[in-house]
Amino acid sequence: MAAGGSYSIVEYFGGDGGHRCGYCKHENGNFSHGMWSHTMTVQDYQDLIDRGWRRSGKYVYKPTMNKTCCPQYTIRCHALNFHPSKTHKKTLKKVNRFLSRGEMPVERHDEGHEDSLGEIMDSAHEEGVQPPRQDPLKIDRSEVQDISTSPDTDTTNSAAPAMPREDAAPAPEEKTPNVTPKPGKGADPSRPLGRKAKDIRKERRLQKEQQKQQEAESSSVNPVPSKSSSNQPKSLEEFITESLPNDPLHRLEVRLVRSKPPSPQFKASFDASYQVYKLYQMAIHKDPPDKPTESQFKRFLCDSPLEAEMAPDGPEVGYGSFHQQYWLDGRIVAVGVLDILPSCVSSVYLYYHPDFSSLSLGTYSALREIAFTRQLQQQSPKLAYYYLGFYVHSCPKMRYKGQYQPSDLLCPETYTWVSIERCIPRLEISAYSRLSENAHEGDACVLKELGRVLVLHRRTVMPYAAYARKRKGSNDEKEVEQYASLLGQTCAERILLYRA
């Protein structure tokens, strides 16, 4: 169920102490707030990442932007308007030459930095977090006991699921109504408008392509190239499939498997996928052999709080957490960990076999994921963005994410999106910056009513005002206020804060 069927349940951990930074290696300069998510709806997580949160397994954290040594800005790419750069085209051609003829490039020392970093996973704030001992039972909305005692703590509206965001994708252009020509002017109103044969052929071709996409299997993530007209640049999909013969030397298949709950395909390929992860962590991140354990792999890249959800206006594969596997000649060589959400595809992590590091698989997989986002948008128009995680301008090796354009950064004060071109000059001056140029703009979801924050106490959902009355002498008001301020009023009235 989800989206109207169940609640998200979290435990807040605070975050006043500093930890080691995975970017600049400062021993205690990394500050963030975190919470353990027992379960979460995809809409709630969409709203959280649009406020600067991000998950690592079931741990969801938000950098303390004005305090941490390396501020991390949420970055999103406009997938529909994306055009590959020269570097991106070079990577696609390199991979296609390998697939076609087996040419393995020699990696230079200045190449592949974006493929060796990814998201920093070994931050102390995440490694030190242990799952709560007590796991709250999943609460269905039909089981909710409403103990509101006054009109100003009504939970009916506050707990309602968020409506799909209407600003996630550009609205389709309105069709111009057919106007009947006046007598004696223009076309003969008794006859249909004349059309060029070229336009008719183009329309038929588009209809056939749309039909093919609808008939495709939901698990297929292979891009369908649409031929560009002579005066249009080649599409991303065309570059991905360009120069590939019908019988290439190597065959690459991209499979999407659901990781939560684990699908039969995910279970069958689990061990092979884990072995690739272990090799990647040892070779690329220099982990000792005993560090990338199977339990760490499960906790970091397989466990997810997101509930699987199918929606009438959503993509055929549904929403939730997935692994996108790259199979080369029958074996896994790379895996992209993804969340499919109402407005975006969110990249979580990528790992690959070190033997193929010279193919720039980090860049290649990002381009495939953008193409995948465009494919999903055909089925769900509001799903129009590709989230690349965090952009860290103070760490030069992490600036590569800004090359996927057009893209926006999230303002850490107003939680509005600002074009990255307008952000760079500000970030050159200061690592932390209010990105919004509107001095009068504020947080539209700023916390105003602490009493309306929803909590879960003894299997009962109640507003915090009722909980505080019930628990006379409770001294957690500052903690709850900090938590709710970070979530914003809307999310705090919808997500359940677990109280032991």
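**Reading burial, strands and charges**

Analyst: Ser-304 counts as buried because its relative accessibility is 1%; buried means under 20% relative accessible area, exposed over 50%, and partly exposed in between, with a 1.4 Å probe and protein chains only. The model is predicted, so local features need pLDDT of at least 70 and side-chain atom pairs count only at pLDDT 80 or more, while totals for chains, interfaces and linings use all residues. Residues are numbered from 1 along each chain as its sequence is written, and side-chain values use heavy atoms, with hydrogens and water left out.

User: Where is Ser-304 found, and which residues does Ser-304 touch?

Analyst: Ser-304 sits in the loop between α10 (294-302) and β7. Helices (H or I, at least four residues) and strands (E, at least two) are DSSP runs, numbered from the N terminus. Contact means heavy atoms within 4.5 Å. Not counting residues up to four places away in sequence, Ser-304 touches Arg-55, Gly-57, Lys-58, Lys-260 and Ser-321.

User: What does the side chain of Ser-304 reach?

Analyst: A polar contact is a pair of N or O atoms within 3.5 Å; within protein, one must be able to donate a hydrogen and the other to accept it, and residues adjacent in sequence count only if both atoms are side-chain atoms. The side chain of Ser-304 reaches the backbone nitrogen of Leu-306 at 3.1 Å.

User: Next, strands. How do the strands of a sheet pair?

Analyst: Strands of a sheet pair through backbone hydrogen bonds, either parallel or antiparallel. Here, two strands pair if DSSP finds at least two bridges between them. Strand β7 (residues 320-328) and β8 are paired in the antiparallel sense over 9 bridges, and Gly-320 stands opposite Ile-340 in β8. The hairpin of β7 and β8 has 2 residues between the strands, and Asp-329 takes a positive phi near 50 degrees there.

User: Which strand do 7 bridges join to β8?

Analyst: That strand is β9 (residues 344-352), which runs antiparallel to β8. Val-337 stands opposite Tyr-349 in β9. β8 and β9 form a hairpin with 3 residues between them. Strand β8 (residues 331-340) is mostly covered, as 9 of its 10 residues are buried.

User: In what order do the 7 strands of the open sheet stand?

Analyst: The order is β3-β4-β2-β1-β15-β13-β14, and the pairing is mixed. At the edges stand β3 (54-56) and β14 (460-463), each with a single partner strand, so one side of each is left without a neighbour in the sheet. Neighbouring strands of this sheet are turned by 40 degrees against each other on average, direction ignored. For such angles, axes are lines fitted to C-alpha atoms, for helices over the stretch in contact, and angles run from 0 to 180 degrees between N-to-C directions. Within the sheet order, β4 stands beside β2; strand β2 (residues 32-39) and strand β4 (residues 59-63) pair in the antiparallel sense over 5 bridges. The bridge partner of His-33 in β4 is Lys-62.

User: Now charges. How many salt bridges are there?

Analyst: A salt bridge is a side-chain nitrogen of Lys or Arg within 4 Å of a carboxyl oxygen of Asp or Glu. By this rule the count comes to 19 salt bridges. Asp-313 and Lys-382 form one of them, at 2.9 Å from N to O. Asp-313 lies in the loop between α10 and β7 and Lys-382 in the loop between α11 and β10 (385-391), so the pair ties together parts that are 69 residues apart in sequence. Asp-313 is partly exposed, with a relative accessible area of 37%, whereas Lys-382 is buried at 14%. Elsewhere, Asp-44, Asp-47 and Arg-494 are linked in a network of salt bridges.

User: Is Arg-368 buried or exposed, and which side chain of opposite charge is nearest?

Analyst: For charge, Lys and Arg count as positive and Asp and Glu as negative; His and the chain ends are not counted. Arg-368 is buried yet has no salt bridge, and the nearest side chain of opposite charge, Glu-237, is 9.2 Å away. Arg-368 lies in helix α11 (residues 361-379). The side chain of Arg-368 makes a polar contact with the side chain of Tyr-364 (2.8 Å). Leaving aside neighbours within four places in sequence, the contacts of Arg-368 include Val-221, Ile-240, Leu-252 and Tyr-326.
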